[in-house]
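Here are my notes from a look through this one. Have the model open while you read, and keep in mind that it is a predicted model.

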Amino acid sequence: MSRIAKRSVSIRGHRTSVSLEAPFLEELEAIARRRKMSLAALIAELDARRDEESNLSSELRLYVLHDLKARASRAC
């Protein structure tokens, strides 16, 4: 079972933290590297487009899932 990792980030000038399992955090970091941006910038982008009712950590997990599925379908 994966441990939950807390990560503090600054989004539009305020600090917040997200709680993610290590594999999700690692994938987010890899996505940010591929997009040549910081992890904080990627999280801020996803935070800006999410529904207010949505939990940020859940939004990040769903983004990772979507990215992995999209890359897998392109590889086939």
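1. A definition before anything else: by a nonpolar core I mean a set of buried Ala, Val, Leu, Ile, Met, Phe, Trp, Tyr and Cys residues joined through side-chain atoms within 4.5 Å. On that reading, the largest nonpolar core here has 17 residues. Those with the most contacts inside it are L28, L42, I43 and L60. Two or more residues each come from β1 (4-11), β2 (14-21), α1 (22-34), α2 (39-49) and α3 (56-75). Helix α2 gives the largest share, 5 residues. As background, nonpolar side chains tend to be buried together in soluble globular proteins.

2. Let's stay with α2 for a moment. Its buried residues are L39, L42, I43, A44, L46 and D47, and they pack against β1, α1 and α3.

3. Is D47 buried or exposed? With a relative accessible area of 12%, D47 falls under the 20% cut-off, so it counts as buried. The D47 side chain has a polar contact of 2.7 Å with the side chain of R50. Again not counting residues up to four places away in sequence, D47 touches I11, R12 and L56.

4. Next, the helix pair α1 and α3. Their axes are 10 Å apart and the packing angle is about 60°, with α1 passing α3 in a left-handed crossing. On the α1 side the contact is made by F24, E27, L28, I31 and R34; α3 brings L60, R61, Y63, V64, D67, L68 and R71. How many of these residues are nonpolar, and how many charged? The contact divides into 7 nonpolar and 5 charged residues, with no polar ones.

5. Last, two backbone spots to check. R12, in the loop between β1 and β2, has a phi near 45°, a positive value in a residue other than glycine. R12 counts as exposed because its relative accessibility is 57%, over the 50% cut-off. K36 sits in the loop between α1 and α2. K36 is not a glycine either, yet its phi is positive, at about 55°. At 76% relative accessibility, K36 is exposed too.

Key
Residues are numbered from 1 along each chain as its sequence is written. This is a predicted model: local features need pLDDT of at least 70, side-chain atom pairs count only at pLDDT 80 or more; totals for chains, interfaces and linings use all residues. Side-chain values use heavy atoms; hydrogens and water are left out. Buried means under 20% relative accessible area, exposed over 50%, partly exposed in between (1.4 Å probe, protein chains only). Helices (H or I, at least four residues) and strands (E, at least two) are DSSP runs, numbered from the N terminus. A polar contact is a pair of N or O atoms within 3.5 Å; within protein, one must be able to donate a hydrogen and the other to accept it, and residues adjacent in sequence count only if both atoms are side-chain atoms. Contact means heavy atoms within 4.5 Å. Axes are lines fitted to C-alpha atoms, for helices over the stretch in contact, and angles run from 0 to 180 degrees between N-to-C directions. A crossing is left-handed if the near helix is turned anticlockwise from the far one by less than a right angle, and right-handed if clockwise. Ala, Val, Leu, Ile, Met, Phe, Trp, Tyr, Cys and Pro count as nonpolar, Asp, Glu, Lys and Arg as charged, and the others, Gly among them, as polar.
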